[in-house]
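Please examine the model shown below before reading on.

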Amino acid sequence: MINKTLKKSLVALTTATMVAALAVAVPTAARADGPTCSEVAAATKYSARNTQLCSGVDQFGAKYEIAMPNKFNGTLIVYSHGIRKNVNLPPLPVIAPKGELIDYSPAIAPSNEVAVALLKQGFALAGSGVQVQGWNAAEQSLANVILIDQAIAKFPKIDRVAAWGSSLGALSTQIMAEQNPGMVEAVAPLCLADSALSEITMAGDFLWGLKTFFDPSIKAVGYSSGQAGYVEMLGDLGKVLGVLGALQAAIKVNPIAPAWPSTSTAPATLKGIPVRSAILLLGLISGISTQSKTYDASSGPKGPLETSFGLAISPALAVLENGADAAILAVIANYDMEVRAGGVVFDNSKTNYAARLGDDGDVFAAGLSGKTATAGMLGYLSALNPAAPRVKADAAAVERMKQIPEITGALTVPTITFTATADHITPPGATQFLIDQYANAVAGSKSQKGLMVNIWNKPADEYSQFDSAGSPITPAAAPSGTVHCNFTTSQYLMIAKLLTDAAKSGKAPSSKVVKAAIKNDKNLFVDPNYRAPLLKYRQ
């Protein structure tokens, strides 16, 4: 049962500590009224009957919601949403066709369907919109601490608190739990993000590669201050879309030997290499998955291309499909982090991309067009090539980003991870880092054994489909295990049950219990011997 006195003490201590650490980012504290509650609001927004929906704003300006069913079972589940854009966007093809405003709204569950199902089971739900967007892991952790206090104050019948989150929200949830033992009874980081520097290294490497190979006019880093920098960022988004569109068109015309974009200033000798090989190389050295929504990096259309497509073309097309999201994220995230930190945070001044490629050079030799072509591309990306200028970060800016807490693995409550092996935004290496940190904490007597369970979501070996002409068909719904945080309602509810049972018992679910929970889902597995590759920043 919950120790409300302990939690209130933790809230006061955490709030004071985090506000001091985030003096630049967190606004001056203001008076906050308690939430207003309405059953009509719950029915209108979530189609939830016999439930109160309470809405409020905390002392730092973060909007929050608490949904309390009339037949409450004693457990509150706090949800943390993933990263959201920190700037308003005008209408932009693909990215924001109708324009997009910064979203400060709270989310109490991964989806409305999940929220309604959990409310029907008697769980209370809560979530904060957070007062700032972008890379807000620290602010989100603080907002959740305050939210838990608000929920307990409003509903003293809360007996226990479980917390889960998606992507950056998973990182925020994990940080909150590790830094505040006793705040929650169990956590479930879903599609976990790594640190800011890890994530921006992955996305930034891919964006830098696009710039270097295909369009050196992309600014990528070092945006100006004020309105000028915002305009530069929007310009980069347009240029990235232009490059991606040109690459897609070239591959459609000639998938075997597609031409390089007209914006590329690479020498003719380099352009003699099929551009798909350059795309694949960028994915491999940055850590972008070679399995995507459409391409499984294995199968091909029936006919003469059946074998070569899977070996040489499909991995590159998967990287291009995934890399589009990564490049767009890199532009917006770089801009966000530079504004937040006051300088450039991406750094590849000493990166050895040949070492980064490693054994993948042999594994994907066909897709890279052989060793000679691979060496030529790596040579062009070398720090010795003046046509490929490297980026040096601002030391003070990097230090400011390092002030944002990272996960330590010092677990004090049951922790259930859920991770897709082909997630292209938060690769499985982020979860692997948490697993390694936890093992170190156990070895150093900073945590107990048996507190972590890891569930992996792996796509099928073959899932690509082709029409009668042999052209790939992009599915309406992404195959399980691919793209970002691509989980079904039934999978979310399965995790929620494991999470809330663990919060009630104080124990992580046993292997037997987990295997029974996932037995009907062929994409899910639990294997203590499975090891995902760490993000490149961690290697």
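Q: Are C191 and C485 buried or exposed?
A: This is a predicted model, in which local features need pLDDT of at least 70, side-chain atom pairs count only at pLDDT 80 or more, and totals for chains, interfaces and linings use all residues. Residues are numbered from 1 along each chain as its sequence is written, and side-chain values use heavy atoms, with hydrogens and water left out. Buried means under 20% relative accessible area, exposed means over 50%, and partly exposed lies in between, for a 1.4 Å probe and protein chains only. By this rule, C191 and C485 are both buried.

Q: Which residue does a disulfide join to C191?
A: A disulfide is a pair of cysteine sulfur atoms within 2.5 Å. The sulfur of C191 lies 2.1 Å from that of its partner, which is C485.

Q: How many residues apart are C191 and C485?
A: Helices (H or I, at least four residues) and strands (E, at least two) are DSSP runs, numbered from the N terminus. The torsion about the S-S bond of C191 and C485 is about 105 degrees, so this disulfide is right-handed. C191 is in the loop between β7 (186–190) and α6 (196–214), and C485 is in the loop between β11 (472–473) and α16 (489–505). The pair thus links distant parts of the chain, and the separation is 294 residues.

Q: What is the torsion about the S-S bond of C37 and C54?
A: C37 and C54 form a disulfide with their sulfur atoms 2.1 Å apart. C37 lies in strand β1 (residues 36–38) and C54 in strand β2 (residues 51–57), so the pair ties together parts that are 17 residues apart in sequence. The disulfide is right-handed because the torsion is about 110 degrees.

Q: What is the relative accessible area of C37, and what is that of C54?
A: C37 counts as partly exposed, at 29%. C54 counts as buried, and its value is 0%.

Q: What is the pairing of the bonded cysteines of the chain in sequence order?
A: The count of disulfides comes to 2. With the bonded cysteines numbered in sequence order, the pairing is 1-2, 3-4.

Q: At what angle do helix α4 and helix α5 pack?
A: Axes are lines fitted to C-alpha atoms, for helices over the stretch in contact, and angles run from 0 to 180 degrees between N-to-C directions. Angles under 35 degrees count as roughly parallel, over 145 as roughly antiparallel, 65 to 115 as roughly perpendicular and the rest as oblique. The helices α4 and α5 are therefore oblique to each other. Their axes are 8 Å apart, and the angle is about 60 degrees.

Q: Which residues does T351 touch, not counting residues up to four places away in sequence?
A: T351 is found in the loop between α10 (306–341) and α11 (353–357). T351 is buried, with a relative accessible area of 16%. Contact means heavy atoms within 4.5 Å, and the residues that T351 touches are R356 and R390.

Q: What is the phi of V94?
A: Most residues other than glycine have a negative phi. V94 lies in the loop between β4 (75–80) and α3 (112–120), and V94 counts as exposed at 69% relative accessibility. V94 is a residue other than glycine, yet its phi is positive, near 70 degrees.
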